[in-house]
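The sequence and the structure come first, and the description follows.

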Amino acid sequence: MPKERGSKVIASNRRARHDYAVLDTYEAGIALVGTEVKSLRAGRASLVDAFATVDDGEVWLRNVHIPEYEHGTWTNHESRRKRKLLLHRGEIEKLIGKTKEGGLSLVPLSMYFKDGKVKVELALAKGKKAYDKRQDLAKRDAQREISRAVGRALKGRR
């Protein structure tokens, strides 16, 4: 069987970019059991309430919902167990320092296959206040209106 190439997105956390200001991103491998990988290959996962923590020098992904593999037997996995993230020691040390600094969280942005291996895009993020979210929405709406006006002007309409 030939090796897989390219990447395929399994799940993305679109709400994270709305709720958090992303400061830095990291790509991490994830330690999974066989039935989890089979369930992910079927495209079934949810990052809705997921977050990462640093415990005893290791990074753990929590609250990711990977449903049980439907054709699995007694060897099936728990759907919301904590999973270890695989990062370089220097990256883990940097994350420990930044999260202890205060106000920063580790939030998964997406989960995807890269060359046959499951990867997680992890963001070092700061929570947004309600007024920050409103400002972002206002900026996006204003930008949309500008692009529509330019499009109408190019087409010769008012």
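## Core packing and salt bridges

Leaving aside residues up to four places away in sequence, Leu61 touches Ile30, Phe51, Ala52, Arg81, Lys82, Arg83, Leu85, Pro108, Met111 and Val120. The model is a predicted one.

Leu61 also belongs to the largest nonpolar core, which has 26 residues. Val59, Leu61, Leu85 and Met111 are the members that touch the most other members of this core. Two or more residues come from each of the elements β1 (7–12), β2 (20–30), β4, α3, β6 (104–114) and β7 (117–127). Another core, of five residues, lies apart from it, and Ala16, Val107, Ala123 and Ala125 are among its members.

The charged side chains are the next topic. How many salt bridges does the count come to? The count comes to nine salt bridges.

| Pair | Distance between N and O | Location |
|---|---|---|
| Glu58 and Lys84 | 3.0 Å | strand β4 (residues 58–62) and strand β5 (residues 83–86) |
| Arg89 and Glu93 | 3.6 Å | helix α3 (residues 89–101) |
| Arg144 and Asp141 | 3.3 Å | helix α4 (residues 130–155) |

The salt bridge between Glu58 and Lys84 has its N and O atoms 3.0 Å apart. This pair links distant parts of the chain, as its two residues are 26 residues apart. Glu58 has a relative accessibility of 27% and therefore counts as partly exposed, since that class lies between 20% and 50%. Lys84, at 30% relative accessibility, also counts as partly exposed.

Arg89 is partly exposed at 49% relative accessibility, and Glu93 is partly exposed with a relative accessible area of 44%.

In helix α4, Arg144 and Asp141 are three residues apart, which is again about one turn of the helix. The side chains of Arg144 and Asp141 meet at 3.3 Å, N to O. Arg144 counts as partly exposed at 38% relative accessibility, and Asp141 counts as partly exposed at 40%.

Key: Residues are numbered from 1 along each chain as its sequence is written. This is a predicted model: local features need pLDDT of at least 70, side-chain atom pairs count only at pLDDT 80 or more; totals for chains, interfaces and linings use all residues. Side-chain values use heavy atoms; hydrogens and water are left out. A salt bridge is a side-chain nitrogen of Lys or Arg within 4 Å of a carboxyl oxygen of Asp or Glu. Helices (H or I, at least four residues) and strands (E, at least two) are DSSP runs, numbered from the N terminus. Buried means under 20% relative accessible area, exposed over 50%, partly exposed in between (1.4 Å probe, protein chains only). A nonpolar core is a set of buried Ala, Val, Leu, Ile, Met, Phe, Trp, Tyr and Cys residues joined through side-chain atoms within 4.5 Å. Contact means heavy atoms within 4.5 Å.
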